[in-house]
Amino acid sequence: MKTTPMEMQSTMPQPQVVNTITPAKLTLAEVRRKLEGTTGKRFWKNLDELAGTPAFQELMQEEFPRQASAGEWVDSVSRRSFLKVMGASFALAGLAGCTKQPDEPIFPYVKQPEDLVLGRPMYFATAHPFPTGAIPVLVKSEAFRPIKLEGNPEHPASKGRSDAFTQGSLLDLYDPDRSQHPRFRGEQADFGDFQQQFSSAVAKTGTGEGVYFLSETITSPTLAAQWKQVQAKYPQAKLIQYEPVNNDTARAASKAAFGDYYDTQYNLADADVILSLDADFLGGIGFPGFLPMAAAYADRHRFDKDKPMNRLYVVETMPTVTGYKAEHRLALKPSDIDAFASALAGGSATLTNPDAQKFLTAVLDDIKKSGGRFAVVAGPQSSLAAQSAAFTLNASSKAVTYTETVAPLPSEQTADLKSLVADMNAGKVQWLVMLGTNPLYNAPADLNFLDAFNKVPNAVHLGTHVDETGFYSTWHIPKAHYLESWTDARSYDGTISIIQPMIDPLYGGKSAHDILQTLIDPSISAFNAVQENAKTYITGDFPTGWRKALHDGWVANTAFTPKTLGAPKSAPAAPASGSGIEISFKADPSLYDGRYANNGWMQELPKQVTSMSWDNAALMSLDLMSKLGLEENEAIELTLNGRTIITPVLMAPGHPNDSVTVHLGLGRTADAGRVGGGVGFNAYLLRTSDAPLAASGLTVARGQGTYDLCVTKVHNIEHRGAYAQRDLEHPLSDKDGTFSLAGHEAEERSIIRYATYDEAIKNPDFAHTGASETLVNKVGYNPQGEAVPHEESFFPDAWRYDHTDRSTGKLQNRWGMSIDLNSCIGCNACIIGCYAENNIAVVGREQVKIGRIMQWLRIDTYFEGDLHAPRAHFQPMLCQHCESAGCEQVCPVGATVHTPEGINTMVYNRCVGTRYCSNNCPYKVRRFNFLLYSDYDTESLKFQRNPDVSVRSRGVMEKCSYCIQRIEAVKIDADKNNRAIEDGDILTACQQACPTNAIVFGNLNDPAAKVTQRKAEERDYQVLADLNYRPRTSYTAGVINPNAELA
Amino acid sequence: MATQGPIPEILDPMIDPRTGEYAVIAPGHTFKSVTQKIAGIVLTANTPIAWFGGLFLAATIATGVLIAVTWLFLKGVGIWGVTIPGAWGFAIINFVWWIGIGHAGTLISAILLLFKQQWRNSINRFAEAMTIFAVCCAGIFPLLHIGRPWLGYWLLPYPNSMNVWPQFRSPLAWDVFAVSTYASISVVFWYIGMIPDFGTLRDRAQWPLAKYFYGILSLGWRGSTRHWIRYESASLLLAGLSTPLVLSVHTTISFDFAVAAMAGWHTTIFPPYFVAGAVYSGFAMVLTLAIPIRKFYHLEDLVTLRHLDNMAKVMLATGSIVAYGYGMEVFMSWYSASHWEFFMMWNRMFGPMGWAYWVLILTNIAIPQATLWWRKCRVSVWWLFILSFIINIGMWFERFVIVVTSLYRDYLPSSWGTYRATKWDYMLFIGTWGMFTFLFLLFARLAPMVPISEIRMMLPQTKIRPGGADAEVVTQEAL
């Protein structure tokens, strides 16, 4: 940034005439760069040093003549206070208003790029590479900036669905805390220098001895091929893959059972009975195959009189969404699950726990009755015993197949890491190149990675942030986000997707390909490497095939074919039951292993089941809490094998006794970034390499004070009540049951309506008639059913939504939505999709705690029954777009009005913020900007914003708009092209993200539309129908298929 | 005590021996003494040091308003405790509370005038002043509590280039009309009532600035018959206009709640219940002001125990209506067989915020009902002073219970929340007490607190007909 020299003609003699402005020797941008990445004390130390230099003082004089006048700058007190004020702006990018903005010319395109129409988004196909399998995505790019990710609708495995992590990964691209330049020993450096240093050092070793690569799970076939090339050139070089949440138990079990590593493919469409052994396959892509499995599960779980409904049994420790979708859930602590699994595989052993025994018998019976149409599901977080039991039983399953592994270089990662650490301690490691890993944060505590790390002379860290590991590494190279890189990956079914960049790397990031290519041939780029490798799997004419692969987002005929394997060898015996309290380590449902810790959307997202946000806790059952004398929000000390951490306590309904679950991925240091730093506690500090999933011998000590947890829902103890216990229809267990008042009320108010399969067959209209088979004036019901005739309205001239457009002759649109509660699995994909689409602000922990979270769509979780072993129901709640909306009547300025097509719109510019509309909304789906929540300052975040949706300022109410920007875009397009709008042209963001097609939106005036058909079902009901608000969003009542033996 | 036996030996001159009632005005006053007494408070050269002390204290507390409002404008409504679902909190509670307090002044000024209740003559001036200042304090809240207060004028129906009018179906739009009408009529009524007294002050003032000041304010009042006739007509007209306001303003405020759909809000009892509650709290505030005034300014002979007794009786009556309202709410929540109503009332009484409900019952019903039925309590100055605070606390809690408990646990259990006021809420609220006291002290010092002309009209001397058998030469000194 250079200021243009100015010459001022002045004829009058004045005390201070400025004739020229010489450019300062130091510019603000350089100051920023010097301070980049430093935080805390280091920041101030650097700033202070800088402030002493004459160049800086000159700069100050120029920029802030008044503040930096000779006297003030010399005076250390005022200098310091000035620096305090200005300090932040020197380091943060783009804090406008404090400096003279440079003159930047804006040019329109002289030659517009092909196909680019400014304001019209373009869609490109790529994939989100995730360790469990790539998720194919279609990226919506606005002027070549990716602003929204959707599933790729043509991909055979995912069919257009997506999940919370994929939706959220978009924000990581624009993370302002991303590392912006390579560093050598903390100083800014050049990638070329690194390549020079690295390649010459490795070449000097000749064989590659002492060169170790520690990588995240390699998912790219190209990277695997590059590694083979490196290995060929440097045979002694070693590759270790390690991720804290990995598939080790599956690998070990597969090796033991079949002699080699295989991946399991579950075809749940063919399964009538599903048993999950601690496998949260409905939770998210943390489980391999989540998208096709969730879709297949939901498809088979739909109530159809002519088709049999599936039945899900879940045995697990930590309550998950899978557990709560299950018809029957058995909560067991980890050692008991192992015993259960052994008994299951053995088929005969009896369990000491009578409930578990009953469950086991019933499950085995059901599996037998299914005649091969069953699946026993085990996943990355299931124990070895569970995996082995799954292999044993699935031998007779028609729904389970095995394929080669999705990861091209499968390995047992913890063991590999152990040997790496041994080598590091022995001094064998000269170069440790870490590709996308953060071992100083998440390596098992017993390995003492930091000590071993300090023995390595050259540590190279390739990462998106200068995180806990990057900070201490010799070299840090910024990693390109997958939306900026060329690479490839396989999805769950084996189909290869070529990952193409959507945007030039924002900060000159490099990928792992570039690092490996340094040792092979630095002149070849990642693009070339990927293209070369593509020749191995693209058949036919290569240029055409290549372009087709890039266009489609996947390569045809690359899916795995199932392998026929022999009978699995018997599983090793389960270890003896541990003593004392057991601890279970689970990946966080929103942050996974910690990689999304600096992602504001993911931190704010209320976690599945516990609805915790910005926090993690020691999750335990009510009984354990009372045994230890604990209360919620108390801070306790967990000690395992001599290591201690301090955590808050939260009751998880349905958690087994004598065990505690902690979520991994929080407790990161400030190096994680402005969002993730200091949030939660670090459970990795307790986790050891010999017991990464669960351990026993945990001790709990009280007396660490209190910690106010941030939980958005009301299952917690404050909202239990004596009232709920008095009025229950369900029989109480012998001991004093503890009930969620909120959940009880949800039933009482007919907010959640469901029935068993038999009841539904007998009385298909159960959602409206209740037990007595007559239309009742039950709470929450509409006495005349859900469709009140217009003649009964007080406003007989009310718009009837049946007008015909005179110019086109078409019947008008009448928008509506239907949500199938049977299909909703509570995975939160829709919520993040909504955040991305609608520029929803992240408000931070303190605001969420008092109830000001801004999510337009939320998943309400209601716990039914005794909180020791409850049922849970998930209900997505969003603006119902009521035809007779209460909010519209009470807005004094008319900021919320009803469109002729039935949408309740919010006119942000007119809203003065009286909040009366929120008071009058019984669904409380309206969100208010109590403070300025939208980030108007951080430059990089502005790139992600959807230009079709206003960014709301302070004092304005907002709510779901049925993605009106999408509706209007399609309407305009249809109008321009003179075509009708087909059902499925308009997909709301939530509908598009949902993996199970639970949400359906469309035109109710179209008899063939999916939404019309859903609403015509008998099970369709409106929430709070008796208020006569006439909501346009209705729900399909749930049907469960319980086993009579276990009912 | 209508009948008595032998006349007791010691007669309290203030008690009428026939009825046992306290006199409305102490015997022995003449025209001159009334004028001197009241005008003397205003025109004295020696302002009591306690007045300065009080003013300083009130001003200090009132700066809380400035600080809280500045911070509010800088940061936004989020500095308060409002959230979703409790989107209304202290601001609306305080607004309704202050407006309610104002109603007593209008009732005293207007309705009691029309009912020819002469005893209201000595209290109506400062009661009306109380109304004005209460409306000032109330009026800031609707503007401050909105998210974008700089656009508050959009609630006014003015022709604009956007071609947009307020949405007239909304009770908040009605509030704009109600409160602005109330404020304007009250100011006009109050001011016009003071014109004769400003004339007196102008004539009696020694200090030129005071003469000038009161001269402007008295608008050339000569005391001629014509002026008096117009004055009386104007008073009656304004009283007639103000009378429906007593009922309609708080009814309109109650529509903020009654028109909404929330259980606990959506009830037709609110209009009369709110109006009764408003008069209840207003009279309590009048007592809070009257008792110290009569003590410090030695006005016990003008504002007598009769006034206190009557005001206590009005409080008793309105308090009983309020008690009936509470009782009906509870009854209907059961009788309606509506789960929404039942849960709302059960939650109000026994839920996490149940303590507020019981404070309300104690302060609004239990204590007043237990004491005000007894005359001894009604004429006990100390008890009435304490009780006036208790009742005002109770009335504040009534609005708190209505606003907060209905909102924080409403239809969908998933959105249940809580409400916790922040220090800015308290600072603004307490600051308005300071503001009110500040304005009232200024009024006490600068304007005649008790209407000189109206008191003089109550003196027995006015019953003397000129030229009659008991004619008396009315000299200048006697005036």
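How many helices and how many strands does the secondary structure of chain B come to? In this predicted model, the secondary structure of chain B consists of 15 helices and 0 strands. A student may next wish to look at the overall form of chain B, whose C-alpha trace spans about 80 × 65 × 40 Å along its principal axes. For a chain of 479 residues, a compact globule would have a radius of gyration near 23 Å, and because chain B has 24 Å, the value agrees with that expectation. Of the 479 residues of chain B, 57% count as buried, and among the contacts in chain B with a separation of 6 or more, residues 24 or more positions apart account for 79%.

Most peptide bonds are trans, yet the bond from Ile84(B) to Pro85(B) is cis, with omega near 10°. Pro85(B) itself is found in the loop between α2 (49–75) and α3 (90–114) of chain B.

From here we can turn to the place where the two chains meet. The contact takes 60 residues from chain A and 57 residues from chain B. The size of an interface is often given as the accessible area lost when the parts come together. Here the area buried between chain A and chain B is about 4,800 Å², and carbon and sulfur atoms give 58% of that area. Within the share that chain A buries against chain B, Arg910(A), Tyr916(A) and Arg954(A) supply 15%, which is more than any other three residues.

Which kinds of interaction cross this interface? The rule finds 1 salt bridge between chain A and chain B; Lys924(A) forms a salt bridge with Asp410(B), and their closest N and O atoms are 3.0 Å apart. Polar contacts are found across the interface as well, in 34 residue pairs, both residues being at pLDDT 80 or more. On the side of chain A that touches chain B, the elements that give two or more residues include the helices α24 (722–726) and α31 (916–920) and the strand β27 (858–864), while α25(A) gives the most, with 5 residues. Sorted by class, this side of chain A has 31 nonpolar, 12 polar and 17 charged residues.

Most residues other than glycine have a negative phi. Asn641(A), although it is not a glycine, has a positive phi of about 55°, and its place is in the loop between β21 (635–640) and β22 (643–651) of chain A. His881(A), likewise not a glycine, has a positive phi of about 45° and lies in the loop between β28 (871–877) and α30 of chain A. Are these residues buried or exposed? Asn641(A) has a relative accessible area of 53% and is therefore exposed, whereas His881(A), with a relative accessible area of 0%, is buried.

A last stop is Arg979(A), which is found in the loop between α33 (964–976) and α34 (989–993) of chain A. Because its relative accessibility is 32%, Arg979(A) counts as partly exposed. Leaving aside its neighbours within four places in sequence, Arg979(A) is in contact with Lys810(A), Asp973(A), Ala974(A) and Asp985(A). With two of these residues the side chain of Arg979(A) makes polar contacts to side chains: one of 3.0 Å to Asp973(A), and one of 3.1 Å to Asp985(A).

Definitions and conventions: Residues numbered from 1 in each chain as written. Chains lettered and ligands numbered in written order. Predicted model: local features only at pLDDT ≥ 70, side-chain atom pairs only at ≥ 80, totals over all residues. Heavy atoms only, no water. Contact = heavy atoms within 4.5 Å. Buried area = accessible area lost by both parts, 1.4 Å probe. Salt bridge = Lys/Arg side-chain N within 4 Å of Asp/Glu carboxyl O. Polar contact = N/O pair within 3.5 Å; in protein donor to acceptor, adjacent residues only side chain to side chain. Helix = DSSP H or I, 4+ residues; strand = E, 2+ residues; numbered from the N terminus. Nonpolar A, V, L, I, M, F, W, Y, C, P; charged D, E, K, R; others polar. Rg over C-alpha atoms; globule rule 2.2 N^0.38 Å. Buried < 20%, exposed > 50% of the residue type's maximum accessible area, 1.4 Å probe, protein only.
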